[in-house]
Amino acid sequence: MHDCQKTKEQLLDLIFGELEADENSRSLAQIERCPSCDAEYRSLASTLFIYDRAALEAQPDESFFLAHHERLRESVEASCINASHARGPQRAPVWKRIFSAQLRVPAPLAVAAAILLAITTLLALRTPRTIIAPVQAQTIVETRTVEVPVPQERVVVKTVYVERSRRDASASARRHIGQSMVDNQMASMHPNSTGNPRAVLQGFKPADTVNLQIIKGSFPR
Amino acid sequence: MTYLSDEPELIGRARAGDQEAFCALAEAYERRILMLALYYTRNRADAEDLAQELWLKAFRAMKDFRGESSFYTWLRQIMINSFLNHRRAGSNRAASIESAEDGRESARSVRVFDVEENAHRKIMVEKVFGALAELTPQQRLIFLLKHHEGMTYEEIARSLGCSAGTVKKSLFRTVVKLREHLGVDGERVESGEFVPCAAGENL
């Protein structure tokens, strides 16, 4: 069913390419069927056609564009120069400006300030300085694993044979010495006691002892 | 659309303040911008001033160009803002491009067309520009963006901060006004004197 109003509303969309492909072909089919819509479509499209021709006629010639480009170049250049002027001359750094700054101060005030500064400096120099303990160097502990051969301990027992006669003699001598030592001890503990003669270790000689040599040490494997 | 093979490089240099690179970029698009300005202002001197102003704005704003859109899209948005903000004393002077140029023609060596050769063409141009003069700046801009730039309703609406419906209505009014001024009638159209053309298809 053809709807003139709806089709005419879509004419500009059709002319300006705003319709989808299927909608576009549908609209064109509607226009073909309706002379009124077709006339409206042609009228609008022709208006734009005439406009385009007029716009084309109004185009300036090449020299206008060239002159425009030259002016544009000059404007850009001038803009850069203006921008650099606007930034102004390069200012000296802050430290330089501080040192070169001039300040007008009355002479008495300046003298008083100088004296005060001198006194303060002297006092600061006279105050004992706190001794700062030197910072001990931090010891660096380095842990290193080293393989060391462990000495193996070995106990050697030497069997010594002694003659029975000598052994008995030495045993009785040891007993005799032991008895003497006990007697001496008792005598020293009870000096007033009577009866027992005073025993001393005078003439004591150690019995023949057997020197057992115990050898300790490492042995090569 | 114009495309420079070394455009990214030129953009990079222009962003760093290179005047030559910027001028090379401008050279690719200045003709198009100038023509839009001319159709918008309908006066060469105004168009020239407007285009220069636009390029200077673009040069100053180059460091802000992030490459999120194409260079021309970015430039076109500057152009739209410049066009809308364009105010000039006496801008409502005669709409005719030719009459506005009288007296300056020889100085600039610029010639729109030879009036003696074809008076009919002059009348047609005056009619078209007269019709454009009757439109509001926004209507004129919408028409230019649609017909010359081939932007969609949505894109125009986004650029101007209005609805797509407003754009469509404005466009319809503009075309109807142009038709009235040009005196396009059904008989002439049906006789096949005019050939319909598509949007953005400038002759």
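Predicted model: local features only at pLDDT ≥ 70, side-chain atom pairs only at ≥ 80, totals over all residues.
Figure 1. Arg13(B) is partly exposed, with a relative accessibility of 33%; the class lies between buried, which is under 20% relative accessible area, and exposed, which is over 50% (1.4 Å probe, protein chains only). Asp18(B), at 26%, is likewise counted as partly exposed. The side chains of Arg13(B) and Asp18(B) form a salt bridge with an N to O distance of 3.1 Å, the criterion being a side-chain nitrogen of Lys or Arg within 4 Å of a carboxyl oxygen of Asp or Glu. Together with Glu9(B), these two residues are linked in a network of salt bridges. Residues are numbered from 1 along each chain as its sequence is written, and chains are lettered from A and ligands numbered from 1 in the order in which they are written.

**Figure 2. The salt bridge between Glu18(A) and Lys146(B).** The closest N and O atoms of Glu18(A) and Lys146(B) are 2.5 Å apart. Glu18(A) lies in the loop between H2 and helix H3 (21–33) of chain A, and Lys146(B) lies in helix H8 (residues 137–147) of chain B, so the pair joins two chains. Helices are DSSP runs of H or I with at least four residues, strands are runs of E with at least two, and both are numbered from the N terminus. Glu18(A) is partly exposed at 25% relative accessibility, whereas Lys146(B) is buried at 2%. Over all chains, the whole structure contains 12 salt bridges.

**Figure 3. The interface between chain A and chain B.** In this view, 43 residues of chain A are in contact with 60 residues of chain B, where contact means heavy atoms within 4.5 Å. The area buried between the two chains is about 5,100 Å², and carbon and sulfur atoms give 65% of this area; buried area is the accessible area (1.4 Å probe) that two parts lose on being put together, summed over both. Phe16(A), Tyr51(A) and Glu57(A) supply 14% of the area that chain A buries against chain B, more than any other three residues. Six salt bridges are counted between the chains; one of the pairs with a salt bridge is Glu62(A) and Arg31(B), with an N to O distance of 2.3 Å. The elements of chain A that give two or more residues to the side touching chain B are helix H2 (11–15), helix H4 (35–57) and helix H5 (62–87). H4(A) gives the most, with 19 residues. By class, this side of chain A has 21 nonpolar, nine polar and 13 charged residues; Ala, Val, Leu, Ile, Met, Phe, Trp, Tyr, Cys and Pro count as nonpolar, Asp, Glu, Lys and Arg as charged, and the others, Gly among them, as polar.

Figure 4. Phe16(A) is found in the loop between H2 and H3 of chain A and is buried, with a relative accessible area of 4%. The C-alpha atoms of Phe16(A) and Ala45(A) are separated by 9.5 Å, although the residues are 29 apart along the chain. Arg42(A) and Asp38(A) form a salt bridge, with the closest N and O atoms 3.3 Å apart. These two residues are four residues apart in helix H4 of chain A and are thus separated by about one helical turn. Arg42(A) is partly exposed at 29%, as is Asp38(A) at 23%.

**Figure 5. The largest nonpolar core.** This core has 80 residues, and those with the most contacts inside it are Tyr51(A), Trp55(B), Phe71(B), Leu75(B) and Phe83(B). Helix H2 (residues 19–41) of chain B gives the most to this core, with 14 residues. A nonpolar core is defined as a set of buried Ala, Val, Leu, Ile, Met, Phe, Trp, Tyr and Cys residues joined through side-chain atoms within 4.5 Å. Not counting residues up to four places away in sequence, Leu75(B) touches Tyr29(B), Ile33(B), Leu54(B), Trp55(B) and Ala58(B).

**Figure 6. Arg42(B), a residue with positive phi.** Arg42(B) has a phi near 60°, a positive value in a residue other than glycine. Arg42(B) is found in the loop between H2 and helix H3 (44–61) of chain B and is buried, with a relative accessible area of 7%.

Note on methods: Heavy atoms only, no water.
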